[in-house]
Amino acid sequence: MGKKVTVVGAGFYGSTTAQRLAEYDVFDTVVITDIVEGKPAGLALDLNQSRPIEGFETKVVGVTTGPNGEGYEAIEGSDVVVITAGLPRKPGMSRMDLLETNAKIVRQVSENVAKYAPNAVVIVVSNPLDEMTALAQLATQFPKNRVLGQAGMLDTARFTNFVAEALQVPVKSVRTLTLGSHGDTMVPVPSKSTVNGKPLRDAMPAEQIEELVVKTRNGGAEVVALLKTGSAYYAPSAAAARMAKAVAEDSGEVMPVCAWVDGEYGINGVYLGVEAEIGAEGVKKVVETDLDADELASLKEAAEAVRAKQADVANM
């Protein structure tokens, strides 16, 4: 039985994610859905025609979905569903400004996922990320380990890239980590960040690290302000696709993701950015890393900020 992955939403984020997933050649089928008539079928046709050039066999299928769940039968049997549906940010908007609009969309999508792909692992990327992940779990009623969000991979990649650029070193020589929420209470973790295996704090002064932390926190807004007509998608789609690949391959790879935390770090009952082992059942386990006192305090603060907002989405 071949692996099947669905990407809901055929905007820039969704279509780029579908392309990456197809090119990995680890799935038999990639399904891409959208509410815009014909768009997913057009993208699928185009992607399938790239197969002889890029040398992958994965078949891409595009389906238009309707307001009452029409078309969702195409996602049946999906092992992984990536939810990118929702509005992107416009300049000046915060991720939270999208809450009500995207909550309606994510709830409807999640209910259809539960109906047609009841065994899938769901990866949420719609903003505001932490809230939408919690909402998707409530709407699907899936076990919490099977619903996770993409944020930490992206924020960590941004932090790593900024450090590498500042020090003019190859990105592969830099290791960083960000935890917490995808937004104002993001918690970059300098104590776990290294350059060529040596502590980041030995490579640059504290003020410069703090500047890069702020730059990371505002990484998405910076892209939105420059693009003017949408939000980031190359780096975010790379992150979501890697998570889906880890699920498909049951790799057990440790990645920073938005996962259900219940007891780890002394934090209970909330979706939060932490490191987790990713495999066929979604989150195999949350991996606790040693944080210094300030970082742990910031993580607990982020958990409470996110908890309050996640409680609001239950009624949306």
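## The enclosed space

Search the whole structure for cavities of 30 Å³ or more and you get 1. This is a predicted model, so keep that in mind for everything that follows. The largest cavity has a volume of about 30 Å³. Its lining is made up of Ala151, Gly152, Asp155, Thr178, Leu179, Gly180, Ser181, Met186 and Gly273. Two elements, α6 and β8 (178-180), each give two or more residues to that lining.

Which element gives the largest share of the lining of the largest cavity? That would be β8, with 3 residues. Sorted by class, the lining of the largest cavity holds 3 nonpolar, 5 polar and 1 charged residues.

On the domain 1 side, 37 residues take part in the contact, and on the domain 2 side, 39 residues do. Between them, domain 1 and domain 2 bury about 3,300 Å², with 69% of that on carbon and sulfur atoms. As background, the accessible area lost when parts come together is often how the size of an interface is given.

In an unreviewed entry, it lists residues 4-149 as "domain: Lactate/malate dehydrogenase N-terminal". That span is 40% helix and 19% strand, and the C-alpha atoms at the ends of residues 4-149 sit 19 Å apart. The unreviewed entry also lists residues 154-311, this time as "domain: Lactate/malate dehydrogenase C-terminal". Here the make-up is 46% helix and 23% strand, and the end C-alpha atoms of residues 154-311 lie 25 Å apart.

## The largest pocket

Now for the open spaces. The largest pocket holds about 910 Å³ of space. It has 44 lining residues, and the ones nearest its centre are Thr84, Ala85, Gly86, Leu87 and Pro88. The elements giving two or more residues to the lining are α1 (12-24), β2 (29-34), α4 (99-116), α6 (152-167) and α9 (219-227). Of the elements, α4 gives the most to the lining of the largest pocket, at 4 residues.

Which domains supply the lining of the largest pocket? Domain 1 (4-149) and domain 2 (152-313) each provide at least three residues. By class, the lining of the largest pocket comes out at 21 nonpolar, 18 polar and 5 charged residues.

## The annotated binding site

UniProt, in an unreviewed entry, gives Gly9, Ala10, Gly11, Phe12, Tyr13, Gly14, Asp34, Asn102, Val125, Ser126 and Asn127 as "binding site". Where do they turn up in the model? From this set, Gly9, Ala10, Gly11, Phe12, Tyr13, Gly14, Asp34, Asn102, Val125, Ser126 and Asn127 are in the lining of the largest pocket. As for Ala10, its place is in the loop between β1 (4-8) and α1.

A cis peptide bond joins Asn127 to Pro128, with omega about -5°. Pro128 itself is in the loop between β5 (121-124) and α5 (129-140).

Asp25 is the other spot to check. Its phi is near 60°, a positive value in a residue other than glycine. You'll find Asp25 in the loop between α1 and β2. For context, most residues other than glycine have a negative phi, and most peptide bonds are trans.

## The second largest pocket

One more open space is left to cover. About 370 Å³ of space lies in the second largest pocket. It is lined by 20 residues, and the closest to its centre are Pro188, Pro190, Glu210, Val213 and Ser298. The elements that supply two or more of the lining residues are β9 (186-188), α8 (206-217) and α11 (293-313).

How does the lining of the second largest pocket divide by class? There are 10 nonpolar, 2 polar and 8 charged residues in the lining of the second largest pocket.

Conventions
Residues are numbered from 1 along each chain as its sequence is written. This is a predicted model: local features need pLDDT of at least 70, side-chain atom pairs count only at pLDDT 80 or more; totals for chains, interfaces and linings use all residues. Side-chain values use heavy atoms; hydrogens and water are left out. UniProt positions are given in the numbering used here, feature names are shortened, and annotations may be inferred rather than shown by experiment. On a 1 Å grid over the protein atoms alone, a cavity is a set of points where a 1.4 Å probe fits but cannot get out, and a pocket is an open set with protein on both sides within 12 Å along at least five of seven lines; lining residues have an atom within 4 Å of a point. Grid points are joined across faces, edges and corners, and a volume is the space filled by probe spheres set on the points. Ala, Val, Leu, Ile, Met, Phe, Trp, Tyr, Cys and Pro count as nonpolar, Asp, Glu, Lys and Arg as charged, and the others, Gly among them, as polar. Domain bounds come from an automatic or database domain assignment. Contact means heavy atoms within 4.5 Å. Buried area is the accessible area (1.4 Å probe) that two parts lose on being put together, summed over both.
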